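Here is a short briefing for anyone meeting this protein for the very first time. Take a look at the sequence and the model, then read on.

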Amino acid sequence: MPFIDVKASCGITAEQELRLKEGLGEAITRIPGKSEDRLMLCFQGDQHMWFAGKEDGPTVMVHTAIYGSTTPEAVEDFGQAAVSLMRQVLGAQNVYLRMSQGTDWAF
């Protein structure tokens with residue numbers, strides 16, 4: 001089960017959230033064995049975020065956690081798609097993505 005947690009300094013409208021949901025649902029398929037069928041998403045807008053000592057923005061941090069592991073190429077492919085999506089949908093200037101991989105999950 002992949003989990004994607006999006007924190008943004010800007011607000012996220014219902015329309016933007018839907019676009020992000022759809023885009024991340026497509027992007028997760030770039031990781032072998034992952035699909036939107038088991039994807040969990042969390043969107044948090046209007047967060048107080050600082051980058052390089054400034055509150056310039058919008059700034060977005062995307063944390064993606066997957067059960068198991070994948071290749072560096074899949075991480076790069078998914079990461080580029082997710083970062084591009086945040087820039088397009090939220091107009092974010094500063095976007096960063098962290099990928100966590102492992103089997104220390106309980107469900």
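Read along the sequence, this predicted model follows the pattern β-α-β-β-α-β, made up of two helices and four strands. Helices (H or I, at least four residues) and strands (E, at least two) are DSSP runs, numbered from the N terminus. The radius of gyration, taken over C-alpha atoms, is 14 Å, close to the 13 Å that the globule rule (2.2 Å times the number of residues to the power 0.38) gives for 107 residues, so the protein is as compact as a globular protein of that length.

**How to read the numbers**
- Residues are numbered from 1 along each chain as its sequence is written, and side-chain values use heavy atoms, with hydrogens and water left out.
- As this is a predicted model, local features need pLDDT of at least 70 and side-chain atom pairs count only at pLDDT 80 or more, while totals for chains, interfaces and linings use all residues.

- Four strands form an open sheet in the order 2-1-3-4, with mixed pairing; two strands pair if DSSP finds at least two bridges between them.
- Strand 2 (40-44) and strand 4 stand at the edges with a single partner strand each, so one side of each has no neighbour in the sheet.
- Strand 1 (residues 3-8) pairs with strand 2 in the parallel sense over five bridges, and Ile4 has Leu41 as its bridge partner in strand 2.
- Strand 3 (residues 59-67) and strand 4 (residues 94-102) are also parallel, pairing over nine bridges; here Thr59 has Asn94 as its bridge partner.

**The helices**
- Helix 1 (residues 14-27) lies across strand 1 and strand 2, at about 145° to strand 2; axes are lines fitted to C-alpha atoms, for helices over the stretch in contact, and angles run from 0 to 180 degrees between N-to-C directions.
- Helix 2 packs on the sheet, where it touches strand 1, strand 3 and strand 4; contact means heavy atoms within 4.5 Å.

- Not counting residues up to four places away in sequence, Leu90 touches several residues, including Ile12, Leu20 and Val60.
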